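Please examine the sequence and the three-dimensional structure shown here. The paragraphs after them lead the reader from individual residues to the chain as a whole.

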Amino acid sequence: MVLRVSPSSFSFDDDGRLRAPEGREQAEDHARLALAAQVLAYTSLPVAFPTETVYGLGANALNREAVANVFRAKGRPSDNPLIVHTSSLDMTRTLVAGGKLPDVYASLIDQHWPGPLTLLLPRAQLVPDAVTAGHPSVAVRMPSHPVARALIALSGVPVAAPSANTSTRPSPTRASHVHDDLRDRILLLVDGGSCDGGIESTVVDALRTPPAILRPGGVTAEMIRKVPGFQDAVVWKKKGEDPDGRVPPSSGEEDEADLEAMAPVTPGMKYKHYAPKVPVVFLLSSPSTYTSTVSSACSEVSQVIGILRTETLPAFSFLSLPLTSPPVYLHQVSLGTTHAQVGSNLFHALRECESVPGLFVVFVEGVAEVDEGLAVMNRVRKAAGDTVYV
Ligand code: TXA
Ligand code: MG
């Protein structure tokens, strides 16, 4: 069942309380969302819902069976822990050992919650092992999307939610993406339109020194380093990456030693990720290299090539291609001109490529690894399985 609600029907007062609906349409949206909230609070059925980053697949974080159902629906490995979503600081404190948020996070929370920021916190006993995959910390975030926050507030329970895609697929930024991946596996999908952020939350661990950004995301490293206590925050990197975060081109085989090194940090980063059903090739160089790389791919095939453009790649025209027989067709998409736009459109564009008849490979143009570009490049690399043209 799909429950459609408008994000504008939900708002919060300064004390973080959900405001009562005004008018019939808002009241109907509140009633629809209350139904989803009851399913979350009183059953073990997963509920998909929008956040400001991507759609999540939610379960009552304190209900082991509901959490197990989320892992099952996604086909997610059980050693990859879930982020718990809360609607208030009071709810967040219930998840933390000793009931107190570590002081180190005070300014970060002040400036970036609610928002696309996930914090590692010492885990209270009541958080089930399945949620944290046995880790001593629990990852928590308070989403700013009005539908997500209202759903959690109405349910009254913290909501464990990974992205609502089948494991390894690109994260869903629209209800239709969730439907495509999970329609046979979930009963309830709250459709609140498309997610503006498009890239998942930043995961920060300040329980270690110096603080580490375990996964780049919606809140940029530059923003985090402006917060008192976080000037020296490091961006955690996979072994083998150079200081600019570039991974040498590889066969796509994961290095066992790398997996070992990653395991204790943020387990999700070790898995194949964000991969659409067509191969992705990541272009990391000058426009002239793009032109020759794409042109030579064109001369070898007789089908359709996807090109996701960002900053510098000029739009290709049929005239700029070498004469080929049979002809090659290009599916070209501009992801936008700012890094934020590219992040917002990336996963949708990758998924769209899957439905273009005859499309057999997608080239994605890289962006500079600054601001939102850091998270964008992290996701493109994973989608490409590190297949990089330099
Ligand atoms: O924006 C987001 O973060 C979205 C929306 C739905 O909130 N959620 C999301 O969840 O991206 P997921 O499960 O796809 O990614 C969660 C990441 C994984 O890399 C996981 O390993 C890491 O967070 N993580 C979760 N709990 C952790 C923990 N206790 N310690 C270390 N890493 C953790
Ligand atoms: Mg995910």
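Ala133 counts as partly exposed, since its relative accessibility is 26%. In this predicted model, Ala133 belongs to the loop that runs between α5 (129-132) and β6 (137-141). The backbone of Ala133 deserves attention: its phi is near 55°, a positive value in a residue other than glycine. Most residues other than glycine have a negative phi, and most peptide bonds are trans.

A second residue with such a backbone is Thr168, which is not glycine and has a positive phi near 80°. Thr168 is located in the loop between β7 and α7 (175-182). With a relative accessibility of 34%, Thr168 is likewise classed as partly exposed, because values between 20% and 50% fall in that class.

The peptide bonds also include cis cases. One of them leads from Trp113 to Pro114, with omega near -10°; Pro114 lies in the loop between α4 and β5. Another cis bond leads from Thr209 to Pro210, where omega is near -10°. Pro210 is placed in the loop that separates β9 (202-205) from β10 (212-215).

Strand β5 comprises residues 117-122 and contains Thr118. Is Thr118 buried or exposed? The residue has a relative accessible area of 0% and is therefore buried, as the limit for burial is under 20%. The surroundings of Thr118 can be listed: leaving out residues up to four places away in sequence, Thr118 touches Ile83, Ala139, Val140, Arg141, Ser201, Thr202, Val203 and Val204. With one of these residues, Ser201, there is a polar contact of 2.8 Å between the two side chains.

Why is helix α6 described as largely enclosed by the rest of the structure? The helix spans residues 146-155, and seven of its ten residues are buried, so the rest of the structure largely encloses it. The buried residues of α6 are Val147, Ala148, Arg149, Ala150, Leu151, Ile152 and Ser155. Their cover includes the helices α1 (23-42) and α3, together with the strands β2 (47-49), β4 (83-85), β7 (159-160) and β8 (188-191).

Apart from neighbours within four places in sequence, Ser155 is in contact with Ala37, Leu40 and Ala41. Arg149 lies over the face of Phe12, at 4.2 Å from the ring centre. After α6 comes Gly156, which has a positive phi, near 75°.

Another loop connects to the account through Lys100. This residue is situated between α3 (89-93) and α4 (106-112), in the loop. A polar contact of 2.8 Å links the side chain of Lys100 to that of Asp103.

The description can now be widened to the whole protein chain. How many helices and strands are there in the protein chain? There are twelve helices and 16 strands. The chain has 390 residues, of which 54% are buried. Among contacts with a separation of 6 or more, 70% are between residues 24 or more positions apart. The chain exposes about 16,700 Å², and carbon and sulfur atoms supply 52% of that area. As for aromatic pairs, the count comes to zero under a rule that requires ring centres within 6.5 Å.

The average pLDDT of the protein chain is 86, and 81% of the residues score at least 70. Over residues 242-264, by contrast, the pLDDT is below 50; this stretch has 35 contacts in the model beyond near neighbours in sequence.

Key
Residues are numbered from 1 along each chain as its sequence is written. Chains are lettered from A and ligands numbered from 1 in the order in which they are written. Side-chain values use heavy atoms; hydrogens and water are left out. pLDDT is the predictor's confidence in each residue, from 0 to 100. Contact means heavy atoms within 4.5 Å. Rings of Phe, Tyr and Trp (its six-membered ring) pair if their centres lie within 6.5 Å; planes under 30 degrees apart count as stacked, over 60 as edge-to-face and the rest as tilted. A charge sits over a ring if NZ of Lys or CZ of Arg is within 6 Å of the ring centre and within 35 degrees of the ring normal. Helices (H or I, at least four residues) and strands (E, at least two) are DSSP runs, numbered from the N terminus. A polar contact is a pair of N or O atoms within 3.5 Å; within protein, one must be able to donate a hydrogen and the other to accept it, and residues adjacent in sequence count only if both atoms are side-chain atoms. Buried means under 20% relative accessible area, exposed over 50%, partly exposed in between (1.4 Å probe, protein chains only). Accessible areas come from the Shrake-Rupley method with a 1.4 Å probe; for residues, only the protein chains shown count as cover.
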